[in-house]
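Could you walk me through this structure, starting with its main pocket and then moving on to the charged pairs? I'd like to follow it residue by residue.

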Amino acid sequence: MIYTLGFIRHQDEILLINRMKQPWKGCWNGVGGKVELNENIQVSMQREILEETGIYVPLTEIIYKGKMTWEPNDGSFLYMFLMDINEKMDTPVVTNEGILAWRTIDWICDKNNLGVALNIPYFLPTLLDSGIHHYHCIFDGNRLLDVIIKPEDTHV
C-alpha cells in the first residue's frame with residue numbers, strides 16, 4: 001500500500017491530528033492517507049488535506065520531501081510532503097479522523113513527548129530543512145529502535 005503524510009506549517013507551528021484510528025491511534029501526527037489507484041501523489045496529498053482539514057492547498061505549494069519506509073513491513077511506504085500556509089485555521093477542530101490542532105515545532109520535536117507519533121521528533125527537523133530524504137524507521141512492536149535518514153538524489 002502507498003500512503004502520503006503531510007505537514008502543514010504556519011510560521012513555527014504545524015497542524016497535527018490526534019488520530020481516532022490506527023495507525024497511531026491517540027497520537028498526534030501529520031495528515032494523509034492512502035493513494036488511490038492511478039492517483040498522482042501530490043493530488044493524493046491535496047485530496048487528503050482537503051478531506052481531513054478542509055484546507056485547500058494548491059499543488060504548487062505541496063512540496064515533496066522524501067519517502068518513508070519502516071520495518072517490520074508488508075511492502076507499504078509513504079511519500080512525505082511539506083506545505084507552508086499564510087493563514088491559520090482556528091483549532092481545535094473535531095473531525096471524523098480525529099482532533100486537529102496547531103502545535104509548536106519545539107513541542108512536536110521534544111523526544112520526551114509521548115503524545116506524538118514516536119518517529120516524528122526524529123525526522124521532522126530534517127523534513128523541515130531543505131532537501132529530499134529517505135526516512136527508514138525500525139520498530140519492535142510499539143518501540144522505536146532507530147530512524148535512519150539518508151539524502152535522496154531523485155524526485156518522484
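Start with the largest pocket, which in this predicted model has 36 residues in its lining. If you want to centre your view on it, pick Arg19, Gln22, Pro23, Trp24 and Asn29, the lining residues that lie nearest the pocket's centre. Several elements give two or more residues to that lining: the strands β1 (2-10), β4 (31-34) and β5 (63-71), along with the helices α1 (41-53) and α3 (120-128). The largest share comes from β4, with four residues. As for volume, the pocket comes to about 930 Å³.

Now for the charged pairs. Side chains of opposite charge can pair when their charged atoms come close. Counting pairs with a side-chain nitrogen of Lys or Arg within 4 Å of a carboxyl oxygen of Asp or Glu, you get seven salt bridges.

One of them joins Glu13 and Lys88, whose closest N and O atoms are 2.4 Å apart. Glu13 belongs to strand β2 (residues 13-19) and Lys88 to the loop between β6 (77-84) and β7 (93-94), so this bridge ties together parts of the chain that are 75 residues apart in sequence.

Next, go to Arg47 in helix α1. Its side chain meets that of Glu36 in a salt bridge, at 3.6 Å from N to O. Glu36 sits in the loop between β4 and α1, eleven residues from Arg47, and the pair links distant parts of the chain. Arg47 is buried, with a relative accessible area of 17%, whereas Glu36 is partly exposed, at 46%.

Arg47 has another partner as well: Glu51, with the closest N and O atoms 3.3 Å apart. This time both residues lie in helix α1, four residues apart, or about one turn of the helix. Glu51 counts as exposed because its relative accessibility is 55%, over the 50% cut-off.

Which residues are linked in a network of salt bridges here? Glu36, Arg47 and Glu51 are among them, together with Glu39 and Glu48.

Terms used: Residues numbered from 1 in each chain as written. Predicted model: local features only at pLDDT ≥ 70, side-chain atom pairs only at ≥ 80, totals over all residues. Heavy atoms only, no water. 1 Å grid on protein atoms, 1.4 Å probe; cavity = no way out; pocket = protein on both sides within 12 Å on 5 of 7 lines; lining within 4 Å. Points joined across faces, edges and corners; volume = space filled by probe spheres on them. Buried < 20%, exposed > 50% of the residue type's maximum accessible area, 1.4 Å probe, protein only.
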